[in-house]
Amino acid sequence: MISTKAKKQIDSWVAKYPEGKQSSAVMEALKIVQAENDNTLSTEAIQAVADYLDMPGIAAAEVATFYENYNHKPVGKHTIRFCHNISCMLNGADDLIAYLEKKLKVKTGEVTKNGLINVKKVECLGACVGAPMFQIGDQYYENLTKQKIDEIVDGLK
């Protein structure tokens, strides 16, 4: 379930922690395994991470289900993580999310018919000064407008 390449990546994270504290690398290990499994974490993949890090499966599952950056069902090639916290809401996030859903013909949590994009509401991405904002991959897009959303989304391939 965990490739040799992924194990090497996980090991580089484990090495950053004191001996016997390998479970501290669980967040990054889940991220690595998710990336190798169509950006989705199954129950089996979570257990495989727990086994590899010698930690209880429930502890890895708690991390995987608490944080919003882990996916438990199929997602698109691009996940748009739209901030829905107070700063973004006060600056029009609800209207922009509705606009994006209409544009893509999906509801939050769904994947476009072509499998390219899914939209996910998240609680906070820590970029309040640029509200409203969303994240695609590791890239933040701030001070969003309908026009900016069109430019960004139309550029995804």
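User: Happy to start with H7. What do the buried residues of H7 pack against?

Analyst: In this predicted model, they pack against S1, helix H6 (93–104) and the strands S2 (117–122), S3 (134–136) and S4 (139–141). The buried residues in question are Ile149, Ile152 and Val153.

User: What makes the buried residues of H7 line one face of the helix?

Analyst: Looking down the H7 axis, they fall within an arc of 90°, so they share one face. On the other side, Gln147, Glu151 and Asp154 are exposed. As background, an α-helix has 3.6 residues a turn, so residues three or four places apart point the same way.

User: Why is His84 called buried?

Analyst: Its relative accessible area is 18%, and buried means under 20%, so His84 qualifies. His84 lies in the loop between strand S1 (78–83) and helix H5 (86–90). Beyond its sequence neighbours within four places, its contacts include Met89, Asp94 and Lys121.

User: Why is the pair of Phe66 and Tyr67 called edge-to-face?

Analyst: Good one! The ring centres are 4.8 Å apart, and pairing needs them within 6.5 Å.

User: How do you know whether Phe66 and Tyr67 are exposed or partly exposed?

Analyst: Phe66 has a relative accessible area of 61%; exposed means over 50%, so Phe66 is exposed. Tyr67 has 35%, which lies between the 20% and 50% cut-offs, so Tyr67 is partly exposed.

Terms used:
Residues are numbered from 1 along each chain as its sequence is written. This is a predicted model: local features need pLDDT of at least 70, side-chain atom pairs count only at pLDDT 80 or more; totals for chains, interfaces and linings use all residues. Side-chain values use heavy atoms; hydrogens and water are left out. Helices (H or I, at least four residues) and strands (E, at least two) are DSSP runs, numbered from the N terminus. Buried means under 20% relative accessible area, exposed over 50%, partly exposed in between (1.4 Å probe, protein chains only). Contact means heavy atoms within 4.5 Å. Rings of Phe, Tyr and Trp (its six-membered ring) pair if their centres lie within 6.5 Å; planes under 30 degrees apart count as stacked, over 60 as edge-to-face and the rest as tilted. The arc is that of the directions from the helix axis to the C-beta atoms.
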